[in-house]
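Please examine the sequence and the structure shown below.

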Amino acid sequence: MAFPSDGRRAQPGDQADGLRRLFSTRTVRFIPVVSNPFVAQESVLIRQICAALDQLGLYTLVVDVCDHPRLGVRETPRLQADLPDQGLELSDRIQVLTDRTASLSARGLPARWSNASGSTQAFLQALIDAAPLSQAVVVHGSAVELARMFGRGELQLSRPRPIVICDEQPDSMTHAYAALKVLSQRVDWLSHDLLVSAAAGSTGIRLVKDRLAQCAALFFGGVRHDSVDIDPRAVALPAMASATLMAFMEASLGAAAAFVLPEMGRRGPALVTSSPLLQPMV
């Protein structure tokens, strides 16, 4: 990836002071994004998330750990690079998308870092080793996969506030609700943000968001912190994020799970790539 040689982020002149404080130390923030196989334009929403982080000036790695197909959508055959390969390092799988964004197809790979209890939290440390100068890591996976990976806050890794994807279709709403219930039961994640795929001017989207929030609050005490709508048909290429989405992602960064990395010398990062110690959010 095209990271700065000294590991420091170039600060835009108009960057919000709150975002500067978030990254005043060498920090990697993990943002879990709960997949929804019933959202046909899910990939567009993920690209918009990355565009917002890019416009915020952050070096971002987006990791896909989904192990299920998108239901009702014809999928191309899975590439060999998507499959677990003991002879290929994570760093060799990273593909550069833009000057500040890269992707990693890691379907099925977290299990290689699982422990006796089924936790795959060590995979997060492996991601830092693979892309040590990343500042934001977007992890896209199912609720079960994210629960195994992030856990309840063990080893001082704070519980993040996940982004849940949904649209106006009943199956999509059901899946989003089920994902929230899984996260509440398995890892006690009760707060979430909602990213909705909806046509501009849709009259039903408010009802969808309210219904989902009411069900979460009534049946397991869930709380929706924030929500934003994206019309996939209105997204231009190259992707540009709206001011609303940028504010949404800045708030999400503040609630992300964080690794605080050791300070690096003036000459740049050390050559040692061992995983940093897990630290609480600062």
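The model described here is predicted. It contains 5 aromatic pairs, and ring pairs join Phe-30, Phe-150 and Trp-189 into a cluster.

**The pair of Phe-150 and Trp-189**

- The rings of Phe-150 and Trp-189 form an edge-to-face pair, with 6.0 Å centre to centre and 65 degrees between the planes.
- Because Phe-150 belongs to helix α5 (residues 143–150) and Trp-189 to the loop between α6 (170–187) and β7 (191–197), this pair ties together parts that are 39 residues apart in sequence.
- Phe-150 is buried, its relative accessible area being 0%.
- Trp-189 also counts as buried, at 4% relative accessibility.

**The pair of Tyr-177 and Phe-220**

- Tyr-177 and Phe-220 form a tilted aromatic pair, in which the centres are 5.7 Å apart and the planes stand at 40 degrees.
- Tyr-177 is part of helix α6 and Phe-220 of helix α7 (residues 205–220), so the pair ties together parts that are 43 residues apart in sequence.
- Phe-220 has a relative accessibility of 16% and therefore counts as buried, the limit being under 20%.

**Strands β7 and β8**

- Strand β8 (residues 223–230) pairs with β7 in the parallel sense, over 7 bridges.
- Opposite Arg-224 in β8 stands His-192.
- Together with α7, the strands β7 and β8 make a β-α-β unit that is right-handed.

Conventions. Residues are numbered from 1 along each chain as its sequence is written. This is a predicted model: local features need pLDDT of at least 70, side-chain atom pairs count only at pLDDT 80 or more; totals for chains, interfaces and linings use all residues. Side-chain values use heavy atoms; hydrogens and water are left out. Rings of Phe, Tyr and Trp (its six-membered ring) pair if their centres lie within 6.5 Å; planes under 30 degrees apart count as stacked, over 60 as edge-to-face and the rest as tilted. Helices (H or I, at least four residues) and strands (E, at least two) are DSSP runs, numbered from the N terminus. Buried means under 20% relative accessible area, exposed over 50%, partly exposed in between (1.4 Å probe, protein chains only). Two strands pair if DSSP finds at least two bridges between them. A crossover is right-handed if, with the strands pointing away from the viewer, the path from the first strand over the helix to the second runs clockwise.
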